Amino acid sequence: MASPDNAQGSGTLAMAGAGPAPKPKHAAAHHERPAPLFGRAAVPFFTPGVIVIAALAAAGLIVLGVRLVFGLGAVTHLNNQYPWGIWIGIDVATGVALAAGGFTTAFVAHILNHERYHVLVRPALLTAMLGYTFVALGVCVDLGRYYNIWHVLMPQMWQGNSALFEVGMCVCCYLTVLYLEFMPIVCERFRGHVNLPGLLAGLNKPLETLLRLLDNTLGATMNFFIIMGVVLSCAHQSSLGTLMVIAPSKLHPLWHTAILPLQFLLSAFAVGLSMVVFESLLASRSLKRAPEMSVLSPLARMIPFLLTVYFAAKVIDMANRGTWKYLETFSLRSVSWSVEVIVGIFIPVAILLSHRLRRKAAWLFSAAAMVVFGVALNRFNVFIIGYTPPYGTKAYIPAWTEVLLTAGFIALLVLIYRLFIFLFPILPEEEGAKHV
Amino acid sequence: MVTRREFLKYTGVAAGTAALAATGAEASAGKTHLDPERIGVLADLTLCIGCRRCEWGCAEQNKLPHGTLQSYDDLTVLKEERRPDETRLTVINRYPAPTWREQPLDVKVQCLHCEKPACVSACIVGALEKNPKGPVTYDAWKCIGCRYCMVACPFQIPAYEYDNALTPKVMKCTLCSERTLKDGKQPACVEICPREALVYGKREQLLELAHERINQRPDRYHPEVMGEHTVGGTSWLLLGDRPATEYGIPELPNQSPAVLTETIQHGVFRGFTGPLMIFGLLSVLMKSSTDKRKPGEGDDQDGEDHHG
Amino acid sequence: MSKLKGLLIVLACLVAASAATAQVMDPAHRNPTPAKPVTDTSGCTDCHSCTTPTHENPCLQACKRHGAQFLGKHATDEGPEVVVIDQLANLYGPVVFAHQLHARMSAMTGGCTNCHHSSPATGKVPPCRECHQPTRGNTDLRQPALKGAYHRQCINCHLDWSHENACVFCHEEAGDKKAPVAGQTPKKPGSHDPTDIVGARHPLIKATPTYTYQTNEPTGAVVTFHHEDHVSKFGLQCVNCHRGDSCRSCHDSNGQPKEKRRLDHVTTCGVCHGERDCSFCHSKAAKPEFDHKTSTGWALEPFHRKVACTTCHGQPENFHKPDRACTSCHIHWAVGSFDHAVAGVKLSENHRELDCDGCHLEKNFAVKPDCTGCHDTPMYPEKLPGTRVPRR
């Protein structure tokens, strides 16, 4: 069996962080080994854009403070009619969907073992790790008694009937797996040169030993964790759909179906790959690197197939339940559904099926962005727009503080992502960049 | 090109999934853990005069903010449809008489204590529980405040203390389980009801009584007892002069919404067969793909865009 | 291509499997609401065998109510006049229940069984508290406790018939009046004074004073019926005309329509006016209300203003026209025994022995007295046959 990051033998991997990376043995690998961006990037860490993002993150954290001191009622428009708002609809449900890049890339690169995609694994892994961390944080912010979150892990309180329990457990496990999968990167960065200053210097040796131990153990068991990650992802991506199945009288028939979990899973496949493409192109632009079209174009070729399957699951189910009639009337919900399908499925499928357009960064980026938007809108529809409680007519419109916190969290995620690619060997070392 | 191996691979997945769906259907035929002697309340809405005594009694019992008993004599509040919330666990709503000749119908709204409650099925830590004796109880200590119960409840009953920053609770009627099950008393609302429009007793006997009344006065009652079958039955039984959908109860099937989700959940996760199968499948896939791509063999299938 | 095919196979299987599940569990498969059975919706037929029960023919049958038995014949005044309900008086003062009033009202419908639904066929009628316990228990869910029993009985009618069911309609407000003062009957707010019952059968009704009917009668299409006259002037009691009415003629109990009231005018009006021709009631235009002077030429002013019709004319069912002679009513009046002072003039010694028609020609007291029988010139009213005194 191959090791996760490097099919050519994991032995050398551990030593890679410091000196010049050994040349990959494999002819098919076009890229250099991943390396931290500090000192190598074409752009500094702080740019005007990053400062704006940092400000947004700070504002979000202020809202978080207000929420902790004054309670949910002070910063949200949640009520007894709408118990779940955008913190669940966007931060959690959409967050989980968009973090699907981690397991889809792992599946394609490691399990199907397509060598060329290995270069995408680390960014996708980082996205997933940070994405899920923020999903967990988002949940905690929304929980009324966040300090009781550990109850979910207590066997005497396990509640196997609850789809949410399933989601919670899987996310916990998957987050652990993600951290474990990320550990080799940390090891790679620090192993062999742990050098803490001053008083902490005494810890250097034990830390070094720990890193070596971790690295060796993980190197041997990484395949297990990779498969585990995919299984856990499939489980909770689908269970996230099961969540709303319990409210047949509240979730609009355009979305409520017994196969909602299947639809969530299928859309997660499609959006996972799209997110990798989207992110890679975005990062290239932001870091002034050349887009990795040679990897992204073939990866994007799979997206139309996945989208078609997802669309088929949607349409066959609709025909089966006869819910077409809800599209005949012009309403917020019928429009939202149509946008979700046209922008999120039809147009990107059309673009990505074209051999020519797929190889143009702008088109590829647009198509990937549309898929991401479409699936995100689907989650938003299922959790917010399509949620039609029986009593009361007051619509839920999120408070500006709610929006600010969500935006702040996303900003914080972007910031940390940037920090990580500057600190850790995530993105491949560009041949061209070295000479700049 | 579909290789023989790949074809087998895919059919394997399909068969596995179909098998899972089948086990799921099995799981839905759940056994009930409910006590045949379990208690309930019969609310004869045609006897209710909307005096709001029950609202007062409930607030008093649950130590919720409330005025004097006399302050509840104000019946103007009945003009607008109200909902139970975190400050009042039960309210009376008045539904106008269909014609001037008939009486309006006063309807008491509170948690109906489903026989197969969706909120209990949804609760992630088991803070909400269906007591075999009838009440759906809440343990605030266990609660993490996810409010999934509120999403799940088809009657939109649980309310939340959003303004409580540290120890917010889910608020709903608990059928006075402290009074009823421990002290053997009647629920506060039942005890105070001046006309005994509310009758507390064993659910089975109450059902019998309800049908007896319907049979005696078919002109007075709608022939269906709300709560006998709806969402799998509820501990509260409502007798009205019109269909339940005409006095504020949503149109709901006779099956608890929890049955479908539990079927899916247990279908997929029973004995972890589903995840284990996927795990096995992926292992085989990983092994085979690694074997196939021995160094030197290269990527031969996705040959697009190799060199521009 | 290969991938698409494979995925489609997977998908087809998945969708087929899920569709099968979905059909079983689709929440859209609602439980059909059975149509409301067509039944007699009157609610009266529980106790009445006919749809329009009347006092004469209540057509009572054995009630279907739980444990109900028929009461034997009990007169309404056999029961207590007033029942003070104070067994449970802690929130409110005791209720003074006008038992006989309600008994009389019930007499128009189901009788004592309206409330005493579980009484033995003979013997004493048991009070509510004999069966209904003061505290609620779980033994017999069918039997409400005393408080519930009272409220069900009282509010049933007060809601159905008078739409009046606020607590204070029966209860005195709580507070210092909790315990009734010994030997003093608490006043019941809003209660009907039993003496107010017109015809002793019904609480006072505000009726329209005058009804004008358009009829097809060729000789005179308009019938003017002065209801107020019949009640207050002629002294008719409600039951004189309405004895045959059903309660439902006026009350909308149990969602039943008020019936169109159509008293049989020949039998109802004919009781008194049977010997009159049609034009007595039927005329071309509306008639003014009854005036004794216009209709009979005999003014009731001033002395008979306050006299009830029945005093002179007898009971309505036995109506007769009295002689105009004073003595046909005032049979004891004769010269010497009549105190002329009641008319405002105390006769002088000379006039006291005169016959009445000595001055009042032909005993017509409506015209001026004539003095010329004895005196040469008309003296009255310049000179009086005595001294003026206050009229009595």
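Guide: In chain A, confidence is lowest in helix H16 (residues 431–435), with a mean of 44, and highest in helix H14 (residues 361–385), at 95. That confidence is the pLDDT, which the predictor gives each residue on a scale from 0 to 100, while helices (H or I, at least four residues) and strands (E, at least two) are DSSP runs numbered from the N terminus. This is a predicted model, where local features need pLDDT of at least 70 and side-chain atom pairs count only at 80 or more, but totals for chains, interfaces and linings use all residues. Residues are numbered from 1 along each chain as its sequence is written, and chains are lettered from A and ligands numbered from 1 in the order in which they are written.

Visitor: What's the mean pLDDT of chain A?
Guide: The mean for chain A is 85, and 91% of its residues reach 70 or more.

Visitor: Next topic: how many residues of chain B are in contact with chain A?
Guide: On the chain B side there are 56, touching 61 residues of chain A, where contact means that the C-beta atoms, placed from the backbone, lie within 7 Å.

Visitor: And which element gives the most to that side of chain B?
Guide: Helix H9(B) does, with 10 residues.

Visitor: What about chain C, which strands form the open sheet?
Guide: The order is S3-S4-S5 in chain C, with antiparallel pairing, and two strands count as paired if DSSP finds at least two bridges between them. The edge strands, each pairing on one side only, are S3 (210–214) and S5 (282–283) of chain C.

Visitor: How many bridges join S3(C) to S4?
Guide: Five bridges join S3(C) to strand S4 (residues 222–226) of chain C, and C:Tyr213 stands opposite C:Val223 in S4(C).

Conventions. Contact = placed C-beta atoms within 7 Å.
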